[in-house]
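Subject: The two-chain structure for you to look at

Hi,

Here is the structure I said I would pass on.

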Amino acid sequence: MSDELMLEIVTPEKMAFAGNVEEVTIPGTEGEFGVLRGHEALLSSIEIGELNFTKDGKKTYYAVNTGYGEVTSSKVTILIETAERADSIDKDRARKAKESAEARLAQLAKEDTEYKEVHLALLRSIARISVAEK
Amino acid sequence: MASVKDIKRKVSAVHKTKQITRAMNMVAASKFKASQLKMENFRPYASKFMDVLNSLALRVESITHPLLAVREPKKIRVICMTSDRGLCGGFNTNLIKATERFLREKSNEGKEVAMVSVGRKGRDYFRRKADIVDQRVDVLNKFDMTLAVAISNDVITPFIGEVYDELYLIYNQFVSVAVQRPTVVRLFPLPSIGQNVGIDAEKNIDYVYEPSDEVLLQRLLPMYVHVLIYRALLETSAGENGARMAAMDNATSNCEDLIRTLTLKMNKARQAAITAELMDIVGGTEALSKG
């Protein structure tokens, strides 16, 4: 079909997804953006957040870690360090991670070196939870 | 001369050793397969990553990033990547030797050397011989990108803080199952990227960069460090299991040789014992018939 878009989600461990989709929504650094076929060539970094694509009218959600995406008119390549599909996420674990990160963060000052790390962990767990609930 | 019973005991002991080494060989083989698969799965990510990094580096004229800062190397840090477990032939020994040589060379030049040690074997060896600032042990059995990210963060922060001036990575490059070559590579300052690459004009699409190409490149550089370290980890893990496979294969065939010679010795001893006994009986009957 001419309005289909080739999507590849590549992580260091595996090819998380490869196939034709109708639409992709990517959590870019400058905000979330959607990609349809015929999109302008674009290279964007990706933030911790949720990525989703529509295939056969059905949406699939992934929680993603930092990386970047390369968009051409007919193909989207996403390179990220981790990608977890909604149904593979352990919701209880994510919630626990969120709680422990919040507790740790409350004790830290913004200047601490650990602060950034824990803050990222918190963002990751939030993304996981929101994806798992979709 | 050892008695038949003694030799028999020894044969059964060697036989048990052989069973163990063979089992270890098979375990190493299956682990090797797993790590090879991991390497294979990493390849598309790494090659895609390098493509983008190179094309980006070509577009950005002057890259300034703390990770590219060249300072006079007074303080040096070395990542020594060994396996956690032994019984894999010369795998760790060769690497430790190479590391020691490198350390001696650098300290002879009057430089201060500190070490980040990944893997138990290297840590154990250098515990009293080198200044270990960071260590990661018992991690190689099961690891993913987060380990590479953690190691990278351990080394990136002090480098940017100018705590040290140069970083080297020493690891076993995976050549084949039987061959692993100790290799020294400089990580920081990062060697210039984007040069010596023949670019495909067609491939060089004019992208819209979001955020700007410079910012994007600066974000990609730490990821590049992750990629380099993750690759070294993968090669170490594959190399370790390959080396163990070869070592255990050798040990098994040595056991077989030992069993063969011991069995021969045992049969000879048994024969000698029977002959001696016969002689006794013959001697005894002769003495009786004469009397």
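This is a predicted model: local features need pLDDT of at least 70, side-chain atom pairs count only at pLDDT 80 or more; totals for chains, interfaces and linings use all residues.

**Domains of chain A**

Chain A splits into domain 1, residues 5–86, and domain 2, residues 90–132. If you take the centres over C-alpha atoms, 24 Å separate the two domains of chain A. Where they touch, domain 1 of chain A puts in nine residues and domain 2 of chain A puts in eight. On the domain 1 side, strand S6 (49–55) and strand S7 (58–64) of chain A each supply at least two residues. S7(A) gives the most to that side, with three residues. Sorted by class, the domain 1 side has five nonpolar, two polar and two charged residues.

**A helix pair in chain A**

Now find helix H1 (residues 91–107) and helix H2 (residues 113–132) of chain A. Their axes come within 8 Å and cross at roughly 150°. An angle over 145 degrees counts as roughly antiparallel, so H1(A) is roughly antiparallel to H2(A). The crossing of these two helices, H1(A) and H2(A), is left-handed.

Which residues in H1(A) and H2(A) meet? From H1(A), they include A:Ala94, A:Ala97, A:Lys98, A:Ala101 and A:Leu105. From H2(A), they include A:Val118, A:Leu122, A:Ser125, A:Ile126 and A:Ile129. Taken by class, the contact of H1(A) with H2(A) has 10 nonpolar, two polar and six charged residues.

**Where chain A meets chain B**

How many residues does each chain bring to the contact? Chain B brings 22 and chain A brings 23. On chain B's side, the elements giving two or more residues are helix H1 (4–59), helix H4 (145–160), strand S6 (208–210) and helix H5 (213–290). H1(B) gives the most to this side, with seven residues. The class count for chain B's side is 15 nonpolar, two polar and five charged residues.

Strand S5 (residues 42–46) of chain A is joined to S6(B) by three bridges, and the two strands run parallel. To spot the pairing on screen, look for A:Ser44, which stands opposite B:Glu210 in S6(B).

Cheers

How values were computed. Residues are numbered from 1 along each chain as its sequence is written. Chains are lettered from A and ligands numbered from 1 in the order in which they are written. Two residues are in contact if their C-beta atoms, placed from the backbone, lie within 7 Å. Helices (H or I, at least four residues) and strands (E, at least two) are DSSP runs, numbered from the N terminus. Ala, Val, Leu, Ile, Met, Phe, Trp, Tyr, Cys and Pro count as nonpolar, Asp, Glu, Lys and Arg as charged, and the others, Gly among them, as polar. Two strands pair if DSSP finds at least two bridges between them. Axes are lines fitted to C-alpha atoms, for helices over the stretch in contact, and angles run from 0 to 180 degrees between N-to-C directions. Angles under 35 degrees count as roughly parallel, over 145 as roughly antiparallel, 65 to 115 as roughly perpendicular and the rest as oblique. A crossing is left-handed if the near helix is turned anticlockwise from the far one by less than a right angle, and right-handed if clockwise. Domain bounds come from an automatic or database domain assignment.
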